[in-house]
Amino acid sequence: MKTRLIELAHGSGGKATDDLVTEVFFRAFNNPALNRKNDQALLDLPPGRIVMACDSHVITPLFFPGGDIGTLSVTGTINDVAMAGAVPVALSAAFILEEGFPVDDLERIAASMAREAREAGVPIVTGDTKVVEKGSGDGVFISTTGIGVVPEGLVLSGDRCRPGDRLLVSGTIGDHGMALLAFREGMSFDPPLLSDCQSLHQLVGRMVEGVPSIRCLRDPTRGGVGAALNEWAAQSGVGIRIREESLPIRETVFSACELLGLDPLYMANEGKLLAVCPPEDAERLLEIMKSHPQGQNAAIIGEIVEDRGHFVEVETLMGGTRLLHWIHGDQLPRIC
C-alpha cells in the first residue's frame with residue numbers, strides 16, 4: 001500500500017480497498033474458503049443443528065495485557081457459540097476503521113485474530129471493511145459472527161435451571177475487567193494482572209461429553225457473573241444462591257476491587273464459563289473441569305433455589321446474605 005495510514009479511499013470499494021484487504025486480511029487469515037475472494041463463504045458442515053452468534057467489539061485500549069481487540073473478537077464469538085454445546089466451525093469479521101488509523105496496528109490486530117483462530121481451529125472465512133471519517137470512530141471497531149454445529153439431542157439453555165441444581169464456575173473471576181482498569185490507570189500489581197481471553201470450546205466439549213445432563217452454560221462477559229446469574233434466574237423463574245467463600249478470585253483482583261470499591265462479581269470475564277447441572281452430577285462435572293488446563297481453578301459456587309422473586313443472593317463471609325441485583329450502568333466503560 002502507498003500509505004501506512006487508513007484513508008477514506010480504503011473504504012471506497014476500489015483499488016485501495018482491494019490492496020488493504022489483500023495485504024492485511026487475506027495475508028493474515030489465509031484459508032481456502034476465504035481465498036476464493038467471493039462475497040460469501042461456501043462451507044461444508046457436519047451433521048447437526050446450526051448455532052449462530054454475533055458480537056461487536058469496541059474496547060479501549062485496543063491493546064492490553066493478555067490480549068487485544070483482535071484476540072477478544074475471536075475468542076468472544078467462539079465462546080458464544082460454544083455455550084450452546086456447539087463445535088465452532090467458522091467466523092466472519094467486519095471492520096469499521098477510522099481515517100488515520102495506523103496500518104501497522106491493523107496488521108498487529110489481524111495477526112492476533114489469525115493466531116487465535118488458527119489455534120482454535122476455527123477459520124475466518126469472510127468479512128467486510130468500512131472506513132469512517134477521522135473523529136467518527138475510535139480507531140477500529142470489529143464485529144464478528146460465528147457458526148457452529150450442536151449434536152442432536154443436546155439442549156443447553158438459560159431457561160432449564162431447576163431448584164436443587166448446582167452452579168459451577170470454570171476459574172477465577174474478574175481477571176479481564178480488572179486487568180484493563182489497571183492498565184488504563186497505570187496501576188501495577190505483583191503478580192501482574194492479565195486478561196483471561198481464551199477460547200473455551202475444547203473445555204465445553206469435554207464437559208458435555210462427560211456430563212450430558214448439563215442444563216446450561218454461559219460466559220459471564222459484560223456485567224460479569226452478576227448479570228449472567230440474573231439472566232438465568234429470570235429465564236428459568238428461579239432463585240440462585242452463591243457462597244462468597246467458594247468464589248475463586250485472585251488475591252490481586254480481590255485487593256484491587258476492595259481498594260477501588262468495585263465488586264468482582266460484576267467484572268467482565270473473557271475466558272471463564274458458568275455451568276448448571278443436576279446435583280448428583282456436580283462433583284463429576286467439577287472433576288472433569290479441573291482435569292482440563294482451562295478449568296484448573298473450577299469450583300462449585302452455589303445452587304438453584306425456589307424463589308418467586310427470582311433473586312440472586314450471596315451468602316457473605318460474615319454469615320449474612322446480600323442481594324446481587326442487576327447492575328445499572330457500567331462499572332468500567334468499553335471493556336469488550
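Predicted model: local features only at pLDDT ≥ 70, side-chain atom pairs only at ≥ 80, totals over all residues.
Biologist: In what sense do strand 4 and strand 5 pair?

Modeller: Strand 4 (residues 87-98) pairs with strand 5 in the parallel sense, over 8 bridges. To find the pairing in the structure, one may look at S92, whose bridge partner in strand 5 is T126.

Biologist: Staying with helix 1, how does it cross helix 4?

Modeller: The axes of helix 1 (residues 15-29) and helix 4 (residues 103-120) come within 8 Å and cross at roughly 25°. The two helices are therefore roughly parallel to each other, and their crossing is right-handed.

Biologist: Which residues make that contact?

Modeller: From helix 1 they are L20, E23, V24, F25, A28 and F29, and from helix 4 they are V103, L106, E107, A110, M113 and A114. By class, the residues of this contact comprise 10 nonpolar, no polar and 2 charged.

Biologist: A change of topic, then. How many aromatic pairs does a search of the whole structure find?

Modeller: The search finds 2 aromatic pairs. One of them is F25 with F29: the ring centres are 6.0 Å apart and the planes are at 25°, so this pair is stacked.

Biologist: Where do F25 and F29 lie?

Modeller: Both are in helix 1, 4 residues apart, which is about one turn of the helix. F25 and F29 also belong to the contact with helix 4.

Biologist: How do strand 7 and strand 10 run, parallel or antiparallel?

Modeller: Strand 7 (residues 166-169) and strand 10 (residues 274-277) run antiparallel and are joined by 4 bridges. L167, for instance, has V276 of strand 10 as its bridge partner.

Biologist: And what about strand 9?

Modeller: Strand 9 (residues 239-243) runs antiparallel to strand 11, with 4 bridges between them; the partner of G239 in strand 11 is V305. Strand 9 also pairs with strand 12 (residues 312-315), in the parallel sense and over 4 bridges. There, I242 has V314 of strand 12 as its bridge partner.

Biologist: At what angle does helix 9 pack with helix 6?

Modeller: Helix 6 (residues 201-210) and helix 9 pack at about 150°, with their axes 10 Å apart. That angle makes helix 6 roughly antiparallel to helix 9. Their crossing is right-handed.

Biologist: Which residues are involved there?

Modeller: Helix 6 contributes L203, R206, M207 and G210, while helix 9 contributes R284, L285, I288 and M289. This contact has 5 nonpolar, 1 polar and 2 charged residues.

Biologist: Finally, the backbone. Where are P61 and P191 placed?

Modeller: P61 is in the loop between strand 1 and strand 2 (63-64), and a cis peptide bond with omega of about 0° joins T60 to P61. P191 is in the loop between helix 5 (175-185) and helix 6; the peptide bond from D190 to P191 is also cis, with omega near 0°. Most peptide bonds, by contrast, are trans.

Biologist: And what is phi of K37?

Modeller: Phi of K37 is near 60°, a positive value in a residue other than glycine. K37 lies in the loop between helix 2 (32-35) and strand 1. In general, most residues other than glycine have a negative phi.

How values were computed
Residues numbered from 1 in each chain as written. Heavy atoms only, no water. Axes fitted to C-alpha atoms, helices over the stretch in contact; angles between N-to-C directions. Parallel < 35°, antiparallel > 145°, perpendicular 65-115°, else oblique. Left-handed = near helix turned anticlockwise from the far one by under 90°. Contact = heavy atoms within 4.5 Å. Nonpolar A, V, L, I, M, F, W, Y, C, P; charged D, E, K, R; others polar. Pairing = 2+ DSSP bridges. Phe/Tyr/Trp six-rings, centres within 6.5 Å; stacked < 30°, edge-to-face > 60°.
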